[in-house]
Amino acid sequence: MKTLKQLLDERPREPLAVSPDDTVFSALELMAKHDVGAVLAMRDGRLAGIFSERDYARKGILCGKSSKETLVREIMTEKVLYVRPEQTTDDAMALMTERRVRHLPVLDTNQRVIGVVSIGDLVKETISEQAFLIQQLEQYIAS
């Protein structure tokens with residue numbers, strides 16, 4: 001089982017981020033361009049919140065707010081669940097399942113963002129681990 005640091009090291013990329021003072025529309029454009037369901041809201045290099053499609057649907061559209069006039073800080077999630085790099089993919093999956101979230105920032109001991117994992121990343125990794133285990137068992141049985 002991999003740690004989140006190992007998982008992030010395999011696919012190095014800068015987490016997508018916006019400013020809490022950006023418009024919701026610009027955040028949605030960034031999310032669409034990169035085909036992701038959430039972006040971090042960063043202020044002065046620190047995590048201020050997370051903005052997701054769910055935030056937009058529940059706190060934006062359903063409340064009649066315009067994406068071009070509403071700022072990210074008005075509807076982002078400020079109390080962000082996060083994980084540490086030394087935690088495992090199973091730890092992250094359990095937290096996501098329990099708390100019903102789809103994205104988790106990975107923060108180091110200094111509270112700096114080092115990446116983001118999505119439920120899709122974790123499912124893909126779980127499938128890969130299971131396929132490897134099956135292959136090993138098949139080789140063991142065949143020998």
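Where is the place of Asp44? The views below take up this residue and its surroundings in turn.

**View 1. Asp44 in its loop.** Asp44 sits in the loop between strand 2 (38–43) and strand 3 (46–52), strands being DSSP runs of E with at least two residues and helices runs of H or I with at least four, both numbered from the N terminus. The model is predicted, with local features needing pLDDT of at least 70 and side-chain atom pairs counting only at pLDDT 80 or more, while totals for chains, interfaces and linings use all residues. Residues are numbered from 1 along each chain as its sequence is written, and side-chain values use heavy atoms, with hydrogens and water left out. Phi of Asp44 is near 55°, a positive value in a residue other than glycine. Asp44 counts as exposed because its relative accessibility is 76% (buried is under 20% relative accessible area, exposed over 50% and partly exposed in between, with a 1.4 Å probe and protein chains only).

**View 2. Gln111 in its loop.** Gln111 is found between strand 4 (103–107) and strand 5 (113–118), and its phi, near 65°, is positive although the residue is not glycine. With a relative accessible area of 30%, Gln111 is partly exposed.

View 3. Three strands form an open sheet in the order 1-2-3 with mixed pairing, where two strands pair if DSSP finds at least two bridges between them. Strand 1 (17–18) and strand 3 are the edge strands, each pairing on one side only. Strand 1 and strand 2 pair in the parallel sense over 2 bridges, and the bridge partner of Val18 in strand 2 is Ala41.
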